[in-house]
Amino acid sequence: QVQLVESGGGLVQPGGSLRLSCEASGSIFSINTMGWYRQAPGKQRELVATINSGDSTNYADSVKGRFTISRDNAKNTVSLQMNSLKPEDTAVYYCSAVITFRDRGNQYLYWGQGTQVTVSS
């Protein structure tokens with residue numbers, strides 16, 4: 001059984017910063033790509049940023065230069081540093097992880113439960 005547990009959401013004023021963290025736990029052999037997605041009310045879930053096992057990153061155009069994704073492979077964690085936040089960044093943020101349970105095994109995608117980020121004055 002695998003769990004992804006997010007933390008760090010909350011209410012912040014425009015221009016402020018928040019840091020989200022997500023820890024994967026369970027009988028994990030390895031984690032490939034980890035990422036953050038978000039879903040605003042009435043909208044589809046969208047990519048925010050991803051980072052693969054080689055630390056290559058990918059960002060949505062809307063967050064480039066403001067958000068930074070990072071990971072700690074020893075702790076099975078992924079973080080998202082969000083700076084210069086805007087009201088349009090308001091959403092539920094979900095972490096994701098592509099996980100393998102044995103050497104050369106199949107890969108499975110897991111999601112966290114989501115954490116609310118609200119940017120408002």
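A nonpolar core is taken here as a set of buried Ala, Val, Leu, Ile, Met, Phe, Trp, Tyr and Cys residues joined through side-chain atoms within 4.5 Å. Buried means under 20% relative accessible area, exposed over 50%, and partly exposed in between (1.4 Å probe, protein chains only). The model is predicted: local features need pLDDT of at least 70, side-chain atom pairs count only at pLDDT 80 or more, and totals for chains, interfaces and linings use all residues. Residues are numbered from 1 along each chain as its sequence is written, and side-chain values use heavy atoms, with hydrogens and water left out.

The largest nonpolar core has 31 residues. Trp 36, Leu 80, Met 82 and Tyr 93 have the most contacts inside it. Strands are DSSP runs (E, at least two residues), numbered from the N terminus. At least two core residues come from each of S3, S4 (30–39), S5 (46–51), S7, S8, S9 (91–100) and S11 (115–119). S9 gives the largest share, five residues. In soluble globular proteins, nonpolar side chains tend to be buried together.

Tyr 93 has contacts (heavy atoms within 4.5 Å) across the chain. Neighbours within four places in sequence aside, its partners include Trp 36, Leu 80 and Met 82.

Four strands form an open antiparallel sheet, in the order S1-S3-S8-S7. Strands count as paired if DSSP finds at least two bridges between them. S1 and S7 (67–72) stand at the edges with a single partner strand each, so one side of each lacks a neighbour in the sheet. The twist averages 15° from one strand to the next, with axes fitted to C-alpha atoms and angles running from 0 to 180 degrees between N-to-C directions.

Five bridges join S1 (residues 3–7) to S3. Six join S3 to S8 (residues 77–82), and six join S7 to S8. Glu 23 of S3 stands opposite Val 5, and its bridge partner in S8 is Thr 77. Ile 69 stands opposite Leu 80 in S8. On S3 (residues 18–25), Leu 18, Leu 20, Cys 22 and Ala 24 make up the covered face. Arg 19, Ser 21, Glu 23 and Ser 25 make up the uncovered one.

S11 pairs with S9 in the antiparallel sense over three bridges. Three bridges also join S11 to S2 (residues 10–12), but these strands run parallel. Here Gly 10 stands opposite Val 117.
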